[in-house]
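Here are some notes for your review. Please read them with the model open.

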Amino acid sequence: MILTLLAFVFGYACGSIPFGLILTTLAGAGNLRAIGSGNIGATNVLRTGRKDLAAATLLLDAAKAALPVLIVSFIASRRLSPMDAWPPAPVLAVALGAFVGHIFPVWLGFKGGKGVATFLGALLAVSWPAGLAFMAVWLAVAFLTRYSSLSALTASAATPVVLWLLGQQGAAIVFAAMAALIFFKHAANISRLRAGTESRIGKA
């Protein structure tokens, strides 16, 4: 239990690092919180006109979840027997912590990003086949609809099903909760999708 709690705190600390805000500030690209949606994620960083910063933000937001999960996975693997279920509670806790840290960072008054890149980073580290499935669904929906938000929502909703089919029921439950938070953070996007006013990929 203590290891699980520590793993969550470690994940939260890593996940709460606002890379988008840090990169745009260091590059003199303006105050990210005053641009576009005010979000700290890669999509809003792209609105500064800096594709390089947006790409770096995307990678770092995924890495800040993947690396803590891999670290805790290594530690946990040395403490478990081959008969124990995988992933164990500490691994799921660090994944959840990183995701929550990105969405609700204490340093920014608990107003963070929407969590898609961090969700994917955690997922790839917990179960790379499920991570590849997420990317496949995202790309398919994006190709068919050109809606980035709908792609993220569909892929995140499919993730718990994929994990369950892979026999990782514990992970399926945790990622279902994370997917619910992604839907919560995309409430405005969902409203625009229903109204037909959501921006498509490649358009303003």
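Is Phe-10 buried, partly exposed or exposed?

1. Phe-10 is partly exposed, with a relative accessible area of 31%. Buried means under 20% relative accessible area, exposed over 50%, and partly exposed in between (1.4 Å probe, protein chains only). The residue Phe-10 sits in helix H1 (residues 2–15). Helices are DSSP runs of H or I, at least four residues, numbered from the N terminus.

2. On the basis of the model: it is predicted, local features need pLDDT of at least 70, side-chain atom pairs count only at pLDDT 80 or more, and totals for chains, interfaces and linings use all residues. Residues are numbered from 1 along each chain as its sequence is written, and side-chain values use heavy atoms, with hydrogens and water left out.

3. Phe-10, Ile-71, Phe-74 and Ile-75 make a nonpolar surface patch of about 370 Å². Patch residues have over 30% relative accessible area and no salt bridge, with nonpolar side chains (Val, Leu, Ile, Met, Phe, Trp, Tyr) joined within 5 Å and like charges within 9 Å. A salt bridge puts a side-chain nitrogen of Lys or Arg within 4 Å of a carboxyl oxygen of Asp or Glu. Areas come from the Shrake-Rupley method with a 1.4 Å probe; for residues, only the protein chains shown count as cover. Helix H4 (residues 51–77) gives the most to this patch, with 3 residues.

4. His-102 lies in helix H5 (residues 89–103). His-102 is buried, at 3% relative accessible area. Beyond four places in sequence, His-102 touches residues including Asp-61, Lys-64 and Thr-118. Contact means heavy atoms within 4.5 Å.

5. Ala-125, in helix H6 (residues 116–126), is buried at 19%.

Terms used
Helices (H or I, at least four residues) and strands (E, at least two) are DSSP runs, numbered from the N terminus.
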